[in-house]
Amino acid sequence: MVIKLYTTRSDANAVNKVLTLIGERDAEIKGAGNTFSPSLVLRDPMGANYCQIMGEPFNGRYYFIMPYTGAAHGIATLECKNDVLMNLKSQFLQETAIISRQENEANLFLNDGQMPIEARKQAFFKEFPSGFLTDFKYYISVGG
Amino acid sequence: MPITKYSSIVTIEYPNGNQVTRSITPFGGQMLNKYSLNDPRLAAFGYYNRTEDVIALPIPQGEVGDSFTWHLFFSGESGGEPLPPVDLRIDVRANEYYLAMSSTSPLFGSKGVGIAKNYDTMYFAWARDRANYPDQIDFMWGPVRQWVNLNGVMQTLPCLEGSYNNYDTAYYNAMSIITNGYPYGPITDPTRYESKPTDPSEATMDDDSDPIEIDNLPSAVAAGGLFRVYELTRQQMTTVSNTLASSTIYDTLVKMVTSPLDYFIKLQAMPVDFPSFAEDLRFGNYTITGLGSHILSNFITDVDCGQVSLPLYFSSFLDYAPATSVTLYLPFIGYVPLNVDLFVNDVIKLKYRVDAVSGDCVAFVSNSQGLVTTFSGNCAYNLPLRANDMSQVVAGLYSTVSGIATGQAQTAINGVGDAMSGVMKPAMISAGGLSSNSGSMTNRKPYVVIERPVPAVPKTYGETVGFASRISAKLSTLKGYTRIEEIHLDHVNATREEKAELERLLKEGVIL
């Protein structure tokens, strides 16, 4: 099966990843039918950390390539994990969700228990413009 | 030509319909650069460093090419006419927020040819360098003169004291708007929240609120009759004392009392002016003529202490309890905690009402909506009239001093999952009783102590942790770090494993 090999520096949780194509290989898929975490056997993965598996039943799905330790006699077995964000983004981005935290769309007046606050506080003093007289006046009460 | 200087109250209406109101006071400045009509990004003229005019107001981040409009409503008037509202359009460009002048702006009024006319207001856009100052737009407005020059080109200059050719002094209103990178106004976007009850048939949605005003002073209760209160100076008191000690008074007084002092009920000193008129002191059938004393026309009077504003400092939940706390020092009452939520982004108005007979005082604390709370104390410094009165003075002290109130510890917020270090600390100021004689030894002018937290928010907080949101949104409309609370993936065509993994990632946080 044809495998496209990439390198990427994008965060794993980024929906849109920047991929650099480094080559194509013919690979054997171990555990046929496992489209979530297939294993690939191929020659010279070229340091790829990301791939796209063409052909049925993968249909061009994107996968993370787990760290691997060298290839015996030039043959490497790569464990892959489905990048569901890349594969399903055209669908799930159309869904409506309740957002708990967001970088730009925030309600700053919600209590945010995660916001770090220093232990010290700052005090501000504001005096009213006027008050009582500075001097006393004497008042005597008389009856009768 | 006279300059229009006025204080403005500006209401900014955000694209989402929410509003924020601020009062702006004008200031004078020296003209630095000549205004060019052809360059709408005006160089700043005049300069200011008025931190009290700096207001933290969020504006949308936007992308290059976005455009949003603020509606500005001004209070005040010029030339007898109310100031017109302004639509202020803000275009987002690569490195700046560009304050474009609305083509329908009424600010310029009618144009005159060959005649210099004054117009009420004009605003001058100061487009901030978005890259270096990503969070701030400076915005000023003031009176302007406009005329057509010899080349037929409309010229516009701010109105200046003296000759405008000398560019002596111009007066502007100014507002510096800090975004803090936050997108929307301080009130939640009503289109993204469903905060109403779900049963419209039962909910009244009655938003009416009555303004609670302080009742007027009671009608004059004083002057004449069996009970009178006189205002005396120190010299006048000496005269009274000498009169009481003289032997002639006994020949005049109706001998129904054993001592003329029996007519005198109490002597108090208070730092209050009561309404009065001139009348010599009389007790029984004896009048000390020529004394020059005054008799009170009303036993009750008001001491208006004015107001203190409590603007939004953070423009976030940190402005409210329990993060921020407010303690009010009230003369003759002590330190009292206020419910900060009722006064933030508003004013604290304070007025005392004092009773001359007992010395009792009531402090009325209001916000812009009306009376919120009252506190009571006693502002009379009691002076004994004779030796055996001293014990009564002391007894009066203990009866009028308010109880010592301990500082109120801040309580946890219901529903907040994580505790915020520092926010839950008790208020630093503790309340105490300061009435009567002890109150006379303390400050006479009230003040407010505002305790605010010190946030320690890392620069990349938004893109790594995000801010509390709680909106309902289509994910394709969002950008940046996003963590969801709930989502239904019914319409996503994927295996069960993939859906579970997708939901897990979305709840942990993804970058859209």
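How much accessible surface does chain B have, and what share of that surface belongs to carbon and sulfur atoms? Hi everyone, let's start there. The accessible surface of chain B is about 24,900 Å², and carbon and sulfur atoms account for 51% of that surface. Please keep in mind that we're looking at a predicted model.

Staying with chain B, we have 6 helices and 30 strands. The chain has 512 residues, and 45% of them are buried. Now take the contacts in chain B between residues at least 6 apart in sequence: 63% of these join residues at least 24 apart.

Next, the aromatic rings. Searching the whole structure gives 20 aromatic pairs over all chains. Let me show you one, B:Phe264 with B:Phe283: the ring centres are 5.0 Å apart and the planes sit at 50°, so we call this pair tilted. The two partners come from distant parts of the chain, with B:Phe264 in strand 15 and B:Phe283 in strand 17, 19 residues apart.

Over in chain A, ring pairs connect A:Tyr6, A:Tyr50, A:Tyr62 and A:Phe64 into a cluster.

Finally, here's a spot that involves both chains. B:Arg452 lies over the face of A:Phe124, 4.7 Å from the ring centre.

Terms used
Residues are numbered from 1 along each chain as its sequence is written. Chains are lettered from A and ligands numbered from 1 in the order in which they are written. This is a predicted model: local features need pLDDT of at least 70, side-chain atom pairs count only at pLDDT 80 or more; totals for chains, interfaces and linings use all residues. Side-chain values use heavy atoms; hydrogens and water are left out. Rings of Phe, Tyr and Trp (its six-membered ring) pair if their centres lie within 6.5 Å; planes under 30 degrees apart count as stacked, over 60 as edge-to-face and the rest as tilted. Helices (H or I, at least four residues) and strands (E, at least two) are DSSP runs, numbered from the N terminus. A charge sits over a ring if NZ of Lys or CZ of Arg is within 6 Å of the ring centre and within 35 degrees of the ring normal. Buried means under 20% relative accessible area, exposed over 50%, partly exposed in between (1.4 Å probe, protein chains only). Contact means heavy atoms within 4.5 Å. Accessible areas come from the Shrake-Rupley method with a 1.4 Å probe; for residues, only the protein chains shown count as cover.
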